[in-house]
Amino acid sequence: MFQFTYYTPTMVVFGRGAEEKTGALVKAQGCKKVLIHYGGGSAARSGLLERIKDSLTRAGVAHMELGGVVPNPRLSLVYQGIELAREEGVDFILAVGGGSVIDSSKAIAYGAAEEADVWDLYDRARKAKACLPVGVVLTIAAAGSEMSNSSVITKDEGGVKRGYNDDLCRPRFAVMNPELTMTLPPYQTASGCVDILMHTMERYFTPNGTMEITDSIAEGLMRTVMKNAVILRDDPQNYEARAEVMWAGSLSHNGLTGCGSDGGDWAPHGLEHEMGGMFDVTHGAGLAAVWGSWARYVYRDCLDRFVRFAVNVMGVDGSGTAQDVALAGIKAMEDFYRSIHMPTCFSELGISPTREQLKTMAHMLHIASGGKKGAAKVLYEADFLNIYENANH
Ligand code: NZQ
Ligand code: ZN
């Protein structure tokens with residue numbers, strides 16, 4: 001077990017009708033003008049946006065809006081938001097949406113708080129000194145950005161997708177009404193479940209620094225998400241299942257499932273970010289498509305963890321050789337992905353990269369990761385390419 005700091009300052013307001021409290025929550029932050037940031041239309045179609053504006057008006061909070069965030073959110077809209085926020089004297093960003101909207105909001109919040117180019121943060125050229133406060137009304141359980149210190153932005157030219165982590169951007173509050181997620185297309189619900197699992201697996205698959213309590217929380221979280229993902233496949237309007245998955249999404253990425261470890265592996269996320277940048281795939285589906293290839297590539301170097309995962313999470317009979325048990329656990333996870341209609345290779349994801357494209361992604365990850373990535377097994381550019389190639393069928 002390593003030393004750790006667990007910092008999770010986000011106030012969570014959870015349950016039916018929680019969004020009605022948004023105005024009061026923003027007002028309590030003492031801000032003067034709010035920028036409501038949202039996506040491509042779901043929040044407007046469902047009437048949520050109007051309800052949020054009403055709630056702000058009732059609380060006497062001045063507000064303006066900027067929509068149009070797309071999945072894999074783009075830097076160009078972030079720049080627009082920063083300009084708007086500066087011109088209008090905005091001092092609070094309210095994200096109404098999912099990970100993409102929240103991440104775009106965080107980027108605007110960084111950009112509006114400092115003169116320098118916000119992309120420098122994502123390009124690892126500097127660290128942020130300031131960030132406007134951000135609040136969230138969550139509409140999809142997936143990225144965990146509502147409590148995380150992270151944001152991921154894609155630069156329009158060249159599809160360069162990069163993340164920046166800093167406690168400054170952790171949302172002040174997160175409003176979570178599981179009912180708001182009931183309008184999600186099944187593909188997004190399932191992709192979200194994969195992303196939630198993956199945030200826990202990234203922290204779980206490391207040989208360095210583990211704790212019984214952290215492992216138990218992680219294993220329980222993963223079992224809960226898999227069980228409820230299947231319930232939601234068959235019954236998307238199931239409130240209890242929506243609630244289980246929504247809360248799991250926040251807990252999987254607010255740091256809780258990493259306490260005591262070395263920070264985790266994060267190679268699957270690195271691999272997926274390049275796929276998202278180049279092919280604009282849905283994040284969770286992209287993770288599912290590359291995970292099996294990654295797991296089979298690294299499991300021997302982290303055998304104990306893969307055996308434990310197979311037995312405690314996937315319910316594999318542990319009586320075989322360690323290698324057989326570990327491989328059975330990986331196969332069981334892939335079977336689970338298929339059961340919720342998630343891909344396990346690139347063709348199922350709907351992409352067919354050329355060898356040149358695979359090499360470009362491997363090289364981009366080499367640059368993004370500073371040369372190496374991973375804890376279960378430390379990976380280099382040639383390994384990234386091998387993993388992509390093994391998933392490319
Ligand atoms: O734009 P709208 O119309 O709202 O449609 C969205 C979008 O098409 C739709 N949607 C969201 N809520 C809905 C809904 N449709 C109907 N009803 C609702 N209630 O769902 C689609 C996906 O939304 P998005 O925000 O992109 O999903 P997600 O939360 O999965 O976010 C993905 C992004 O987050 C990044 C990913 O890389 C990706 O860019 N991540 C951010 C992290 C973080 N900041 O901590 C960590 C993650 O690992 C991840 O990398
Ligand atoms: Zn993720």
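Mentor: Let us begin with the interface. Domain 1 and domain 2 bury about 2,300 Å² between them, and 59% of that area is on carbon and sulfur atoms. Please keep in mind that this is a predicted model.

Trainee: Why is an area quoted for an interface?

Mentor: The size of an interface is often given as the accessible area lost when the parts come together. The parts here are domain 1, residues 11-179, and domain 2, residues 184-391. Their centres, taken over C-alpha atoms, are separated by 26 Å. Domain 1 brings 30 residues to the contact and domain 2 brings 28 residues.

Trainee: How many salt bridges and how many polar contacts link domain 1 and domain 2?

Mentor: Between domain 1 and domain 2 there are three salt bridges. Glutamate 272 takes part in a salt bridge with lysine 161, where the closest N and O atoms are 3.8 Å apart. That distance is to be read against the cut-off for a salt bridge, a side-chain nitrogen of Lys or Arg within 4 Å of a carboxyl oxygen of Asp or Glu. Across the interface of domain 1 and domain 2, seven residue pairs are in polar contact, both residues being at pLDDT 80 or more.

Trainee: Which strands supply residues to the side of domain 1 that touches domain 2?

Mentor: At least two residues each come from β1 (11-14), β6 (150-155) and β7 (160-165). The most is given by β7, with three residues. On the side of domain 1 that touches domain 2, the residues comprise 13 nonpolar, nine polar and eight charged.

Trainee: How many salt bridges does the whole structure hold?

Mentor: A search of the whole structure finds 24 salt bridges. Glutamate 20 and arginine 51 meet through their side chains in a salt bridge of 3.6 Å, N to O. Glutamate 20 is in the loop between β1 and α1 (22-28) and arginine 51 is in helix α3 (residues 48-58), so this pair ties together parts that are 31 residues apart in sequence. Glutamate 20 counts as partly exposed, at 36% relative accessibility, and arginine 51 also counts as partly exposed, at 29%.

Trainee: How is a salt bridge within one helix to be read? I have lysine 53 and glutamate 50 in mind.

Mentor: Their closest N and O atoms are 3.3 Å apart. The two residues are separated by about one helical turn, because they are three residues apart in helix α3. Lysine 53 counts as buried at 15% relative accessibility, whereas glutamate 50 counts as partly exposed at 46%.

Trainee: What is the N to O distance for arginine 233 and aspartate 234?

Mentor: The side chains of arginine 233 and aspartate 234 meet in a salt bridge of 2.9 Å, N to O. Arginine 233 is partly exposed, with 35% relative accessibility, while aspartate 234 is exposed, with 54%. Salt bridges may also join several residues: Glu212, Asp215, Glu219, Arg305 and Arg308 are linked in a network.

Trainee: Let us turn to the backbone. Where does tryptophan 266 lie, and is it buried or exposed?

Mentor: Tryptophan 266 is in the loop between α9 (239-251) and α10 (267-279). Its relative accessible area is 19%, and it is therefore buried, as the limit is under 20%. Although tryptophan 266 is not a glycine, its phi is positive, about 70°.

Trainee: How does aspartate 280 read in the same terms?

Mentor: Aspartate 280 is a residue other than glycine with a positive phi, near 55°. Aspartate 280 sits in the loop between α10 and α11 (283-298), and at 42% relative accessibility it counts as partly exposed.

Trainee: Finally, which residues does proline 133 touch?

Mentor: Leaving aside residues up to four places away in sequence, proline 133 touches Asp91, Phe92, Ile93 and Arg172. Proline 133 lies in the loop between α6 (119-122) and β5 (134-138), and it counts as buried at 17% relative accessibility. From proline 133 to methionine 182 there are 49 residues in sequence and 28 Å in space, C-alpha to C-alpha.

Conventions
Residues numbered from 1 in each chain as written. Chains lettered and ligands numbered in written order. Heavy atoms only, no water. Domains from an automatic or database assignment. Contact = heavy atoms within 4.5 Å. Buried area = accessible area lost by both parts, 1.4 Å probe. Polar contact = N/O pair within 3.5 Å; in protein donor to acceptor, adjacent residues only side chain to side chain. Helix = DSSP H or I, 4+ residues; strand = E, 2+ residues; numbered from the N terminus. Nonpolar A, V, L, I, M, F, W, Y, C, P; charged D, E, K, R; others polar. Buried < 20%, exposed > 50% of the residue type's maximum accessible area, 1.4 Å probe, protein only.
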